[in-house]
Amino acid sequence: MGYVDEVLASVIEKNPSQPEFHQAVKEVLESLRPVIDANEEAYRKDALLERLVEPDRQFMFRVPWVDDKGQVQVNRGFRVQFNNSIGPYKGGLRLHPSVNLGIIKFLGFEQIFKNSLTGLPIGGGKGGSDFDPKGKSDREVMAFCQSFMTELCKYIGADTDVPAGDIGTGAREIGYMFGQYKKIRGLYEGVLTGKGLSYGGSLARTEATGYGLLYLTAEMLKCNGSDIAGKTVCVSGAGNVAIYAIQKAQQLGAKVVTCSDSTGWVYDPDGIDVAALQEIKEVKRARLTEYKNYRPNAEYHEGRGVWSVKCDVALPCATQNELTLDDAKTLVANGVTAVAEGANMPTTYEATQYLLENKVLFAPGKAANAGGVATSALEMSQNSERLSWTFEEVDSKLQGIMVNIFHNMDDAAKRYGFEGNYVVGANIAGFEKVANAMTAQGIC
Ligand code: NDP
């Protein structure tokens, strides 16, 4: 058995009931085979892969809080500090009922390579809870966030581990968590990113993941002789990433005709109305059923179905494993030319292989959605300097970072004879820097 196969088998054996984590490790290690085969002896001797797939440490803790009826509720909190070879742990906090240790580990593992790809000094981590902010009052969300941070604050800090938002964790939740950290630790420091502008947040952080996704997609199309302008685009999701992806796609001259949430999806032949979407999702925190009240020509459908709509470019921006092999077949049959992942691992392994076999340009999430964490790192720099940069300054740095990420993964793919395979390219480019740092720092 080869080194990669041995490590994959041991990951499955040692981490039962964590299918998403197995999937993420498999996707990364399979595509690293050319690099690992070329350095097998040294990597084996140092157990480099065994060290890479085992988090530095993982915290699981009780989060008790009192609901509006006076009833005590108990959730489970997580923080996985995966790898800090190239900088402090950095990665979001997901609040969603589906959260468990395996999901947080898959996200933390992916984060190592994504953060490395940004070219910025940030390591990989992730956290969250099975708490569901949906349907909770502001007071209940605050009670949860304060209890969560009361425990989490023991393990994080501006130079050790800097969490951020993710599904279910937006500006409101970050605000409550920051307040509690400050109160308990007595420190005013950049311990979280995605903060409000009045207390250390960065301009353009809210837009960064969605905008970054489009900057990278536009560069990928340009370098393959095409142009985002004039393209028909399907987006899934209606949250932070989806909203700003739609907005930037429209600014770049594309027409976005779909979006979705966890109950249904919208087809708007005239192009999604971003202002209406923002009002429904960001202001009212309501369902997409309301979209038709703003746009009578649009269709609303229950369930999933975004990928059945004919498009040139598909941007999955909701959650993991939302684009399946059947969806990939429909997209290819409908003439899709590019898929770029706004969400983390939204495309199943089989769907990714099918898209690659059919010569669809495919930008994996660890590259395509890295704009969020890159701008979080820019927020950390501003906090350290105690300065704020303008929107234009941050946005232009973001654009440069995304263009660089595209060329780094493109170059890495070419260097190993996989031209045009950006999955291989992104994994290799992200891995090389981390592996070099781990080797230089000795066995630790
Ligand atoms: P939000 O919570 O703002 O939005 C998530 C969207 O996806 C919502 O529309 C939600 O629907 C929908 N959704 C969530 N779970 C499901 C599900 N199981 N089935 C169908 N739809 C679902 O999260 P973000 O936009 O921040 O994150 C989206 C993705 O992007 C995640 O994979 C996240 O990890 C990734 N990401 C986010 C970054 C960021 O900066 N925010 C950075 C990099 C990656 P509903 O409204 O009904 O809940």
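How many residue pairs are in polar contact across the interface of domain 1 and domain 2? To get there, start with the layout. This is a predicted model. The chain is divided into two parts: domain 1 covers 3-189, and domain 2 covers 206-363. Their C-alpha centres lie 26 Å apart. The two domains touch, with 16 residues from domain 1 and twelve residues from domain 2 taking part in the contact.

Next, look at the area. About 1100 Å² is buried between domain 1 and domain 2. Carbon and sulfur atoms give 48% of that area. On the side of domain 1, three residues lose the most area to domain 2: Gln-23, Phe-106 and Arg-172. Together they account for 38% of what that side buries. Find these three in the structure before reading on.

Now for the opening question. The rule finds three residue pairs in polar contact across the interface, both residues of each pair being at pLDDT 80 or more. Salt bridges are another matter: the count between domain 1 and domain 2 is zero.

Which elements of domain 1 give two or more residues to the side that touches domain 2? They are α2, spanning 19-31, and α6, spanning 101-117. The largest share comes from α2, which gives six residues.

Finally, sort the residues on this side of domain 1 by class. Ten are charged, five are nonpolar and one is polar. The side of domain 1 that touches domain 2 has ten charged residues, yet zero salt bridges are counted between the two domains.

Methods: Residues are numbered from 1 along each chain as its sequence is written. This is a predicted model: local features need pLDDT of at least 70, side-chain atom pairs count only at pLDDT 80 or more; totals for chains, interfaces and linings use all residues. Side-chain values use heavy atoms; hydrogens and water are left out. Domain bounds come from an automatic or database domain assignment. Contact means heavy atoms within 4.5 Å. Buried area is the accessible area (1.4 Å probe) that two parts lose on being put together, summed over both. A salt bridge is a side-chain nitrogen of Lys or Arg within 4 Å of a carboxyl oxygen of Asp or Glu. A polar contact is a pair of N or O atoms within 3.5 Å; within protein, one must be able to donate a hydrogen and the other to accept it, and residues adjacent in sequence count only if both atoms are side-chain atoms. Helices (H or I, at least four residues) and strands (E, at least two) are DSSP runs, numbered from the N terminus. Ala, Val, Leu, Ile, Met, Phe, Trp, Tyr, Cys and Pro count as nonpolar, Asp, Glu, Lys and Arg as charged, and the others, Gly among them, as polar.
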